[in-house]
Amino acid sequence: MSLSIEDQLGIQRLYARYNHAIDAGRGEEWAATFTAEGVFSSANGTFAGTEKLAGFATGFAQQIKGRHWTNNLLLDGDAKLASGTCYLMLLRLSPGERPPATILATAVYNDELVNEGGEWRFSKRTVTTDA
């Protein structure tokens with residue numbers, strides 16, 4: 001069985017909620033895009049569980065004023081479990097400067113997703129930078 005259109009759209013909304021929450025510094029909202037035991041791994045470390053995830057996202061937004069831009073999303077799975085991958089371009093916002101934004105990093109997200117009661121969440125997200 002493959003992912004339904006509704007599941008694909010739900011996962012796309014998850015990716016968008018994730019980006020908007022971390023860019024706005026809403027750590028608890030960002031952590032809620034993960035399962036309670038969710039794991040986020042990047043060059044900055046590995047963070048597991050809601051409290052650690054929320055702390056990471058809040059700190060990240062305080063250090064980097066930026067925008068997460070994702071594209072080329074590929075999904076596979078069924079109504080309960082899915083895997084996803086997409087490209088990331090992280091832009092640093094520089095208010096009052098020219099250019100107003102610069103590319104801070106490019107990377108690939110590799111994700112494991114779980115459908116919890118009709119709501120998709122990340123159970124594991126790994127960021128692999130291109131540098």
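What do the buried residues of α3 pack against? Let's work up to that together. This is a predicted model, where local features need pLDDT of at least 70 and side-chain atom pairs count only at pLDDT 80 or more, while totals for chains, interfaces and linings use all residues. Residues are numbered from 1 along each chain as its sequence is written, and side-chain values use heavy atoms, with hydrogens and water left out.

Helices (H or I, at least four residues) and strands (E, at least two) are DSSP runs, numbered from the N terminus. Helix α3 covers residues 50–63. Its buried residues are L53, A54, F56, A57, F60 and A61; buried means under 20% relative accessible area, exposed over 50%, and partly exposed in between, with a 1.4 Å probe and protein chains only. They cover an arc of only 160° around the axis, so they sit on the same side of α3. That arc is taken from the directions from the helix axis to the C-beta atoms. On the other side, E51, K52, Q62 and Q63 are exposed.

So, back to my opening: the buried residues of α3 pack against α1, α2, β1, β2, β3 and β4, where contact means heavy atoms within 4.5 Å.

Strand β2 (residues 45–48) holds F47, a buried residue at 19% relative accessible area. Leaving aside neighbours within four places in sequence, F47 is in contact with residues including L53 and F56.

Finally, R17 and E119 meet in a salt bridge (2.9 Å, N to O). R17 lies in helix α1 and E119 in strand β6, so the pair ties together parts 102 residues apart in sequence. A salt bridge here is a side-chain nitrogen of Lys or Arg within 4 Å of a carboxyl oxygen of Asp or Glu.

Conventions. The expected span of a helix is 1.5 Å times one less than its number of residues.
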